[in-house]
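This report walks through the fold of one protein chain, from its overall make-up to the meeting of two of its parts. Please keep the sequence and the structure in view while reading.

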Amino acid sequence: MEWFFIAFASALLSATSTIFEKKLLFEMDAFSFSLLNSIFNFLFTIPFIFFSDFSTVTDKGLLILFVKTVLNSAAFYFVMLSLKNLEISKALPLLVLTPGFVAFFAFLLLNEPLSTNQLLGMSMLLIGTYILEMQAKEDFFEPFKVFLKSKNYRYIIAALILFTVTTLLDKYLLRDEIKNPKVFLVLQQFFTAIIFSN
């Protein structure tokens with residue numbers, strides 16, 4: 001049951017941070033917020049530099065991590081654009097689909113098994129997201145039509161796809177290339193800060 005409390009605490013902290021993000025985005029543009037966020041995240045990882053062994057990092061791993069970080073940075077920026085221009089209740093439910101997308105593509109690309117419970121959970125994510133996006137008196141297809149009408153929703157879909165790709169790359173990098181989570185974290189936050197600084 002320990003995992004449940006960790007997941008619940010993570011959800012609570014994530015919801016709190018989203019509210020603060022929305023408040024800050026009233027005052028600043030999405031790119032400036034992303035830049036400040038990347039700098040602060042890197043500063044918090046600096047202590048890990050002194051307890052990490054970077055000697056095992058290969059050029060290949062470094063290149064893949066950099067490309068992955070570019071994609072991840074774009075996804076974060078798209079989410080901030082959507083969060084700035086949409087209500088939280090409209091922008092973020094779609095990102096709940098990320099674990100389902102990741103599980104599906106991990107099954108296809110990495111041969112990771114999907115249990116009946118996981119398939120049921122993915123179905124519930126889809127249904128729950130649809131219900132959250134549905135407004136009173138809307139027709140059945142309105143939640144789908146909105147993607148054609150609003151670029152802010154298209155940003156969320158782009159972020160969802162990019163987060164799926166980068167999560168799969170995370171798995172590959174931590175399993176086969178960089179392996180050390182502390183080294184991975186420091187390098188990723190360093191690259192993110194560099195990307196948003198240019």
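How many helices and how many strands are there in the chain? In this predicted model, the chain has nine helices and zero strands, and from the N terminus on its elements run α-α-α-α-α-α-α-α-α. Of the 198 residues in the chain, 34% are buried. When contacts between residues at least 6 apart in sequence are considered, 80% of them join residues at least 24 apart.

The axes of helix 2 (residues 30-49) and helix 3 (residues 59-85) come within 9 Å and cross at roughly 130 degrees. Helix 2 passes helix 3 in a right-handed crossing, and the residues that make the contact are set out below.

| Helix | Residues in the contact |
|---|---|
| Helix 2 | Ala 30, Phe 31, Phe 33, Ser 34, Asn 37 |
| Helix 3 | Phe 76, Tyr 77, Met 80, Leu 81, Lys 84 |

Sorted by class, the contact of helix 2 with helix 3 has seven nonpolar, two polar and one charged residues. As a general point, an α-helix has 3.6 residues a turn, so residues three or four places apart point the same way.

Helix 8 is followed by Lys 179, whose phi is positive, near 70 degrees.

How values were computed. Residues numbered from 1 in each chain as written. Predicted model: local features only at pLDDT ≥ 70, side-chain atom pairs only at ≥ 80, totals over all residues. Heavy atoms only, no water. Helix = DSSP H or I, 4+ residues; strand = E, 2+ residues; numbered from the N terminus. Axes fitted to C-alpha atoms, helices over the stretch in contact; angles between N-to-C directions. Left-handed = near helix turned anticlockwise from the far one by under 90°. Contact = heavy atoms within 4.5 Å. Nonpolar A, V, L, I, M, F, W, Y, C, P; charged D, E, K, R; others polar. Buried < 20%, exposed > 50% of the residue type's maximum accessible area, 1.4 Å probe, protein only.
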